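Subject: Structure handover

Hello,

Here is the structure you are taking over. My notes follow below it.

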Amino acid sequence: PPRCVGCGRVGSWLCATCLEEIELIRPPICPRCGRPLAEITGVRHEGRLCYLCQHAPLQIDGIRSVAYFEGTLREAIHRFKYANLRDLALPLGEMMSTYWRESPLPAEVIVPVPLHENRLRARGYNQAALLAQVLGQKIGLPISEGTLARVRETLPQVGLGAQERKENVRDAFRCLDDGLAGRRVLLVDDVCTTGSTLEACSLALRQGGARSIWALTLARPR
């Protein structure tokens, strides 16, 4: 029977109590990359870019993340991604749809960040695609999985520094046709760390003629 990945209680893979304890990312955030901004007394952060985006902004219209990658959510994502616990796609995808209803982004089609065919074959599924399917069903947007492809196999991003991550995914993605030309795209992934993967996807989508590219991820590190 399913046991909550947070507390072990029988009945569901992620119980209501543990869901409520997951800390959501709240404003103020950087309007470009979505990083939470430190709250300093007397300083207005609304609409203000973070230090990194002021000096080296990511080449994507914007990134938003639902919650912090820690505690129960971190464990849930690891089990979902690496332990074949695909049933977690439903509660995790519902978290993303709840965020969307409160803070919708400009989009008309959802594109999950693709895996290379070798990684997909080894894992058996693309966790970003499973999240995208739940999100699309809940908010009524179509999913496109055939146009954006990961054409170069890359090292896992875990453990790499910011510049190493950027180099690792450079030119790793490509649009295989013009199916997304002129469309407002919402990229979906499980975790955003530095945004390098999302930026690489965005560059490929721009070359494919996409009108705008925003990204929504389930989590990001504090």
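About 40 Å³ of space lies in the largest cavity of this predicted model. A cavity here is a set of points on a 1 Å grid, over the protein atoms alone, where a 1.4 Å probe fits but cannot get out. Points join across faces, edges and corners, and the volume is the space filled by probe spheres set on them. One cavity reaches 30 Å³ or more. Its lining (residues with an atom within 4 Å of a point) consists of L115, H116, R119, R150, E153 and T154. Three of the lining residues are charged, two polar and one nonpolar. Asp, Glu, Lys and Arg count as charged; Ala, Val, Leu, Ile, Met, Phe, Trp, Tyr, Cys and Pro as nonpolar; the others, Gly among them, as polar.

Two notes on method. Residues are numbered from 1 along each chain as its sequence is written. In this predicted model, local features need pLDDT of at least 70, side-chain atom pairs count only at pLDDT 80 or more, totals for chains, interfaces and linings use all residues, and side-chain values use heavy atoms, with hydrogens and water left out.

Next, the cysteines. There are zero disulfides (pairs of cysteine sulfur atoms within 2.5 Å). C15 is buried, at 8% relative accessibility. C50 is also buried, at 8%. Buried means under 20% relative accessible area, exposed over 50%, and partly exposed in between (1.4 Å probe, protein chains only).

Now helix α4, residues 89-102. Helices are DSSP runs of H or I, at least four residues; strands are runs of E, at least two; both are numbered from the N terminus. The expected span is 1.5 Å times one less than the number of residues. For the 14 residues of α4 that gives 20 Å, and the end C-alpha atoms are 20 Å apart, which agrees. Its buried residues include L92, M95, M96, Y99 and W100. Among the elements covering them are α1, β1 and α6.

Last, the backbone. Most residues other than glycine have a negative phi, and most peptide bonds are trans. The P27 to P28 bond is cis, with omega near 10°. N84 has a positive phi of about 60° and is partly exposed, at 46%. D171 has a positive phi near 60° and is exposed, at 63%.

Best wishes

Technical notes
Contact means heavy atoms within 4.5 Å. On a 1 Å grid over the protein atoms alone, a cavity is a set of points where a 1.4 Å probe fits but cannot get out, and a pocket is an open set with protein on both sides within 12 Å along at least five of seven lines; lining residues have an atom within 4 Å of a point.
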